[in-house]
Amino acid sequence: MLKIIRERIHQGHRTSRFPKEEPILPARFRGRPEIESGKCPQGCAECVGCCPYGALVVDEGKIRLDMGLCLFCAECAAACPHGALVFTRDYRLASRTREGLMTDEEGFQLATALDARMKKLFGRSLKLRQVSAGGCNACEADINVLSTLVFDLGRFGIQFVASPRHADGILVTGPVTENMKSPLLDTYAAIPAPKLVIASGACAIGGGPFRSSPEANDGVGDLLPVDLYIPGCPPHPYTALDGLLRLLGRL
Amino acid sequence: MNRQVSAVTLVNGGAIPLADLPVLDFEVFAEELVGEVAREGRVAAFFVTPAGGGGLDLFAIVAHDWRGNLALMRTRVNESFPSLTPRCPQLHLFEREIAEQYGIIPEGHPWFKPVRFHGSWQRGRDAWGRDPGGHPVPGDMTFYRVEGEEVHEVAVGPVHAGVIEPGHFRFQCHGEKVMHLEISLGYQHRALERQLPGGPHPNTRYRMETAAGDTSIGHMTAHCQLLEALAGVPPSPRGESLRLIALELERLANHVGDIGALAGDVGFLPTASFCGRLRGDYLNMTAELCGSRFGRGLVRPGGVAFDLDPALAAELSGRLEMAARDTRGAVNLFFDTPSVLARMEGIGRVGTDTAEELGLVGIAARACGLVRDVRLHHPVGAWREAFDSVIIEEAGDVFARANVRRREIEASIEVLRRGLKHLPEGAMQEPSGKMHPESLAVSLVEGWRGEIVHVAITDAQGKFARYKIVDPSFHNWSGLAMALRGEQISDFPLCNKSFNLSYCGFDL
């Protein structure tokens with residue numbers, strides 16, 4: 001027991017002060033893309049060709065980037081000779097609608113809070129069932145990490161629970177493989193209404209690296225009504241936490 | 001009669017023209033394969049690919065750890081072939097996989113069931129006679145069943161209680177005691193291998209990084225080594241050293257996280273809490289290197305995409321020392337607590353013979369006394385100098401698997417200390433070359449779970465004709481099933497954590 005106490009004193013208190021203090025992210029972290037179409041010469045589409053997922057489109061000389069398809073590999077930024085596209089260290093990326101993830105010069109629609117009734121129901125206590133539907137275990141690992149003492153999800157009243165019967169919503173990772181489609185829909189059906197759906201990670205939003213695989217469904221959007229999209233491959237834990245808190249009107 | 005010289009040898013990261021690999025008669029192939037395994041070999045890969053004319057080429061790759069090389073064999077098969085599983089049990093899943101992918105039948109297979117529940121790649125040829133137009137239902141197979149009074153069956157999954165990938169487990173129990181566990185996976189199947197012919201495609205590298213997302217560095221290194229072997233262009237020494245650093249950070253993050261998870265399962269919360277945080281510290285060090293906690297975007301053909309300048313190397317060294325001290329403190333608490341040890345010792349035991357017959361690899365094998373580590377036996381590049389002792393335990397129980405991790409954590413920290421101090425000068429990445437046509441290459445990497453095998457065969461244009469991935473989990477799930485025999489069902493979570501296998505790495 002004394003050894004445990006000594007170790008506890010040595011290791012100290014490690015829970016982050018988020019959201020009161022901004023998190024410190026690595027210098028090379030790739031977050032929200034910033035676009036300046038003004039720098040693009042006529043007809044240049046260097047960035048578009050290097051994205052195998054079609055996350056970039058040039059529309060009337062303006063670049064638009066779909067953060068739902070983006071893996072944040074930043075190869076498009078590296079390919080741009082004009083500096084029109086850079087990935088900033090801003091980890092705030094979640095949005096309430098699929099269209100809201102489209103970002104251009106004006107930015108994107110950062111997640112807004114639930115309506116008053118839903119906020120009253122879930123704002124102070126949200127229990128989620130997680131379903132991995134073809135997730136590679138990176139999204140799952142960085143969701144799990146939210147429950148560690150660093151992020152301490154419980155202090156916000158959010159918790160991952162074992163049974164869908166105990167849950168207020170479902171957090172889906174993975175592109176929804178053909179073999180997980182039915183278990184996912186069964187889990188959703190077992191959650192009492194009203195219920196939320198959260199798509200976490202590029203796979204759950206648009207299929208991610210496995211987009212257009214014959215054995216996967218390109219995300220959860222075609223199968224269930226999604227209330228929150230959390231982009232990233234995988235999303236940084238702070239991206240997920242920020243999104244969840246915004247959804248609950250806590251930020 | 002003179003023995004036909006038929007097995008061709010290759011070293012890790014090597015390539016040969018396909019024409020140099022003779023097509024043996026099946027009987028000769030079978031004898032060679034069983035003989036190679038008997039001569040201290042183990043099956044690293046076993047797969048088929050269409051050979052033209054309706055036939056299929058069957059390849060076997062047997063790793064000879066003490067000779068540091070790989071024996072390659074091939075034969076030709078049609079609709080069926082005699083199953084070799086009765087003579088070589090470690091082939092059992094490989095043969096089922098071949099049947100599922102190409103609709104051909106290993107006659108006399110003792111446990112003949114689907115693996116991942118997808119339709120055959122050869123239209124209209126289903127090994128189980130299922131509807132060729134429909135999609136198989138996952139888990140739809142005859143499970144092994146024990147009948148009798150007081151015998152009951154427990155079925156779990158695919159969706160489990162925690163934040164974890166899906167799989168289905170069936171326990172045949174007598175009271176609390178498990179007589180048999182059958183594991184049915186395939187829920188995460190994303191058709192990774194099936195879509196590789198004709199590649200590498202623009203999306204291939206991202207798929208390799210997510211073959212098993214907690215092993216991004218391991219799988220991507222195996223993939224890049226394969227591309228480099230096929231092009232005959234070695235990666236830059238600096239790039240290889242940076243890959244080594246990233247691989248050991250990946251091992252540290254996962255081993256530390258696993259000890260935390262084991263602590264959580266036995267209800268020892270100090271270590272569970274500390275290790276949960278420390279795992280993040282190692283992931284964050286990887287993120288300092290390349291911006292991603294899982295090492296996405298770091299390993300690239302020819303080397304790596306991010307360099308480590310002296311200032312960052314010094315900072316990482318400092319962070320490593322702090323994390324190392326805290327890790328030691330957290331882990332020692334765990335191993336110094338008698339009630340914790342009592343929960344792990346003698347639980348979930350796998351015998352050395354069983355481990356050998358099933359062809360276990362990685363932590364699971366080393367915990368059963370098997371000396372198997374690609375870093376020692378099949379080293380490439382920076383590994384040749386960096387690693388000289390394999391850590392083994394004899395008991396094959398949960399404690400042994402935990403203790404292998406504990407000791408590997410120490411070893412990895414040492415390797416990292418040296419690696420961060422002595423980075424070779426030069427470019428971080430060499431330009432990649434064009435892949436040789438009609439060749440075969442093999443690449444092995446000791447990922448944190450165990451041996452990762454990537455094999456590719458190129459076509460006349462130098463594109464992939466076949467790409468085979470063997471995640472360590474492919475061998476080791478059977479080990480978990482054996483570990484449960486005679487155990488209490490309540491010990492399943494603990495046994496499962498001690499293996500911590502990948503679902504999507506298996507399902508692919």
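1. The lining of the largest pocket splits into 24 nonpolar, 17 polar and 7 charged residues. The model is a predicted one, and the values below are computed from it.

2. How much space lies in the largest pocket? About 1,500 Å³. Its lining counts 48 residues. Closest to the centre are A:Asn144, B:Gly162, B:Val163, B:Ala261 and B:Lys497.

3. Both chains supply elements to this lining. Chain A gives two or more residues from each of β6 (126-132), α5 (138-144) and β7 (158-160). Which element gives the most? That is α5(B), with 7 residues.

4. The second largest pocket holds about 830 Å³ of space. It is lined by 30 residues. Those closest to its centre are A:Ile24, A:Val150, B:Asp281, B:Asn284 and B:Arg319. Two elements give two or more residues to the lining: α6 and α7 (310-335), of chain B.

5. Chain B has an open sheet of 3 strands, in the order β9-β10-β11, with antiparallel pairing. Strands β9 (151-156) and β11 (177-184) of chain B are at the edges; each has a single partner strand, so one side of each lacks a neighbour in the sheet. On average, neighbouring strands are turned by 20 degrees against each other, direction ignored.

6. Pairing in detail: β9(B) and β10 (residues 168-174) of chain B run antiparallel over 6 bridges. Which residue is the bridge partner of B:Glu153 in β10(B)? The partner is B:Gln172.

7. Helix α14 (residues 472-483) of chain B touches β10 and β11 of chain B. The direction of α14 makes about 160 degrees with that of β11(B).

8. For the second largest pocket, B:Asp281 and B:Arg319 are among the closest. For the sheet, take the B:Glu153 and B:Gln172 bridge.

How values were computed
Residues numbered from 1 in each chain as written. Chains lettered and ligands numbered in written order. Predicted model: local features only at pLDDT ≥ 70, side-chain atom pairs only at ≥ 80, totals over all residues. Heavy atoms only, no water. Pairing = 2+ DSSP bridges. Helix = DSSP H or I, 4+ residues; strand = E, 2+ residues; numbered from the N terminus. Axes fitted to C-alpha atoms, helices over the stretch in contact; angles between N-to-C directions. Contact = heavy atoms within 4.5 Å. 1 Å grid on protein atoms, 1.4 Å probe; cavity = no way out; pocket = protein on both sides within 12 Å on 5 of 7 lines; lining within 4 Å. Points joined across faces, edges and corners; volume = space filled by probe spheres on them. Nonpolar A, V, L, I, M, F, W, Y, C, P; charged D, E, K, R; others polar.
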